[in-house]
Amino acid sequence: MARFTPTDIEELRDAIGAALAAEEPLELLAGGTKRGLGRPLQGPHTLDLSRLSGIRDYAPSELVLTAAAATPLAEIEAALAEAGQMLAFEPPDWGALYGLGAAAAARRSLGGVLACNLSGPRRVKAGAARDHFLGFRAVNGRGEIFKAGGKVVKNVTGYDLPKLMAGSFGTLAALEEVTVKVLPQPEQALTVVLPGPGPSAAVARLNAALASPHEVSGAAYLPAVLAGGVALVLLRLEGPPPSVAFRRDRLIAEFGADCRAAVLEGGESAALWRAIRDAEPLAGLGDGALWRVSAAPSRGAEIAEAIAESLDAAWYLDWGGGLVWAAVPRAEDGGSAAIRAALRGADNRGSGHATLIRGAPGLRAAVPVFEPQPAPLAALAARVKESFDPRRILNRGRMIERD
């Protein structure tokens, strides 16, 4: 088994070209922190991108940063913090889910987060990772260097290929350089905590808060079993202190009049949303299957309760009810059939996506890790794959059995 470690775009092209000539697939990795996400790979060679690292251009006044794809997130976030800025899509750290230990956080890379399109709680306000992905330079499975997008926010020339790369899990191209939009850090952040409601009432409250003019940047629900005996609705506010104070008081008056609301500020609020972002409420519940289910926010409670009834699963909600995190302690198929039945709903017409975030290799090889696509969409995805990587050299089998 060979391990390629390119240091620039030409060496990256040569490594992929060699694999293409031999028709032997490559496993792409940088920090290696997401190897447990997706189907298990058994390629003969590894394309280690970790030496493609470093910030190449950062213009704080333009809110744009360009870096080599394998640049550690810690380095990116430190540079941004120095300028009072941030990655607004709040990339998660799932090292604890995969048992990688604290050191794994230092290995998370910007390109890996973008390739997997991973976003945290602020997605409800700021958008997903793909919405901040402005441009890139890469090598496709044909061994061709190409680039797309640019280094300005208003760039709409040609096809929006960054959005295609986001969520492709390295199956279309190996990213060498990426450009992202960044945003100022909020001056203040706090969390309004509303105790007591059941799941359906909680989702209604979350949806109403997000639809209000109060600019909620995080909306989650922890059921009683995960919140110390009392179910909690969590609403985050960010911005200038006078604005945050006014919106806090209005939220409590409008949504917390029937309960004893609390407010978390500073480090307490930040720690809570890191935990929600990183699935910490479920991380310590054994090594069973862990699912991430996205659907219409209004269906969050319905889906979560159906999963719990079928599988005795622990769960919580993020994205205003639009994201269900569910831990399945034991089920032959990891709960795949029951979870996707819950997603379809009683009338078999519901839509959404269920992704197996953590599971044993045998389970990840046996069940669809990602939501199976309808035939027309699967045919379109196959044509896209054929255009970028016709010999299936890059991360073969990562998303479907042969992709």
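Analyst: The lining of the largest pocket divides into 27 nonpolar, ten polar and eleven charged residues; here Ala, Val, Leu, Ile, Met, Phe, Trp, Tyr, Cys and Pro count as nonpolar, Asp, Glu, Lys and Arg as charged, and the others, Gly among them, as polar. The model is predicted, so local features need pLDDT of at least 70 and side-chain atom pairs count only at pLDDT 80 or more, while totals for chains, interfaces and linings use all residues. Residues are numbered from 1 along each chain as its sequence is written, and side-chain values use heavy atoms, with hydrogens and water left out.

The largest pocket holds about 1,500 Å³ of space. Of its 48 lining residues, G167, H353, F370, Q373 and M399 are the closest to its centre. Two or more lining residues come from each of helix 5 (161–165), strand 15 (289–294), strand 18 (353–358), helix 12 (361–366) and helix 13 (375–388). Helix 13 gives the largest share, six residues. Helices (H or I, at least four residues) and strands (E, at least two) are DSSP runs, numbered from the N terminus. On a 1 Å grid over the protein atoms alone, a pocket is an open set of points with protein on both sides within 12 Å along at least five of seven lines, a cavity is a set where a 1.4 Å probe fits but cannot get out, and lining residues have an atom within 4 Å of a point. Grid points are joined across faces, edges and corners, and a volume is the space filled by probe spheres set on the points.

M399 is also a contact of S168, as is A115, leaving aside neighbours of S168 within four places in sequence; contact means heavy atoms within 4.5 Å. S168 sits in the loop between helix 5 and strand 9 (173–181). This serine is buried, with a relative accessible area of 6%, where buried means under 20%, exposed over 50% and partly exposed in between (1.4 Å probe, protein chains only).

The second largest pocket has a volume of about 590 Å³. Among its 21 lining residues, M86, E90, R122, A270 and R274 lie nearest its centre. Helix 2 (73–82), strand 6 (85–86), strand 13 (232–239) and helix 8 each give two or more residues to this lining, and helix 8 gives the most, with six. By class there are nine nonpolar, four polar and eight charged residues.

The largest cavity, of about 60 Å³, is lined by T33, K34, P92, D93, W94, G95, R108 and L118. That lining has three nonpolar, two polar and three charged residues.

The second largest cavity has a volume of about 40 Å³. Its lining includes W94, R277, R292, D318, W319 and W325. Helix 8 (266–277) and strand 17 are the elements that give two or more residues to it. Six of the lining residues are nonpolar, two polar and three charged.

A nonpolar core is a set of buried Ala, Val, Leu, Ile, Met, Phe, Trp, Tyr and Cys residues joined through side-chain atoms within 4.5 Å. Of the 97 residues in this core, L110 and L235 touch the most other members.
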